[in-house]
Amino acid sequence: MQYFSQKKLILPEGYFINSSQVPTAKDLNRLLVNSGCESFPIQKLSLAIKSSNFFFTIQNESKNNLYGFVRVTSDRGLNANLWNLCAEKGNNQNLFYSILLQVTLEKINREMPGCSISVQAPVTSFKSLEESGFILDPNGIRVMSFKL
């Protein structure tokens, strides 16, 4: 998938993108639940974040809270997968999703060109995903998951 950004999106004043400070699994679980996603065991979530190729968070300068998150795993050749895409509910939720997608897709296209991109995301992100060029269930392809 080739991604072309039509315009650069800007975060509201006081918010910033971070890709170096690893969020705690506890903070990420809180954000996941507040975004309508399921939470995960702390140790497994910590390992998943550390094992990812990269991640992005949206944080607030004054509160230093977590407002958005996405992580990426890839074989760096054929596939890149976006996981745990989430954004705090509220007036900025769609903007946060769109900005996370924009910076993530730009990095994938720059560092892993030619990778097929898939995403695991909540229903609340579908509008932002479609605006970023994702197609929901192309050709009837459905994702399945297995829980032990």
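Trainee: Leaving aside neighbours within four places in sequence, which residues is Asn18 in contact with?
Mentor: Keep in mind that this is a predicted model. Asn18 sits in strand β1, residues 15-18. Beyond four places in sequence, its contacts are Phe55, Phe56, Thr57 and Gln59.

Trainee: Which side chain makes a polar contact with the side chain of Asn18?
Mentor: The pair lies 3.0 Å apart, within the 3.5 Å limit for N or O atoms. The partner side chain belongs to Gln59.

Trainee: Is Asn18 buried or exposed?
Mentor: Buried means under 20% relative accessible area. Asn18 has 8% relative accessibility, so Asn18 counts as buried.

Trainee: How are the axes of α1 and α2 oriented to each other?
Mentor: The axes of α1 (residues 25-34) and α2 (residues 42-51) come within 9 Å. They cross at roughly 100 degrees. Angles of 65 to 115 degrees have their own class, so α1 is roughly perpendicular to α2.

Trainee: How many residues of the contact of α1 with α2 are nonpolar?
Mentor: From α1 come Ala25, Lys26, Leu28, Asn29 and Leu32. They meet Ile42, Leu45, Ser46 and Ile49 of α2. Two of the contact residues are polar and one is charged; the nonpolar ones number six.

Trainee: Which element gives the largest share of the largest nonpolar core?
Mentor: That core has 25 residues, and Leu82, Leu85 and Phe96 are among those with the most contacts inside it. Two or more residues come from each of β2, β3, β4 and α3. The largest share, eight residues, comes from α3.

Terms used. Residues numbered from 1 in each chain as written. Predicted model: local features only at pLDDT ≥ 70, side-chain atom pairs only at ≥ 80, totals over all residues. Heavy atoms only, no water. Axes fitted to C-alpha atoms, helices over the stretch in contact; angles between N-to-C directions. Helix = DSSP H or I, 4+ residues; strand = E, 2+ residues; numbered from the N terminus. Parallel < 35°, antiparallel > 145°, perpendicular 65-115°, else oblique. Contact = heavy atoms within 4.5 Å. Nonpolar A, V, L, I, M, F, W, Y, C, P; charged D, E, K, R; others polar. Core = buried A, V, L, I, M, F, W, Y, C linked by side-chain atoms within 4.5 Å. Buried < 20%, exposed > 50% of the residue type's maximum accessible area, 1.4 Å probe, protein only. Polar contact = N/O pair within 3.5 Å; in protein donor to acceptor, adjacent residues only side chain to side chain.
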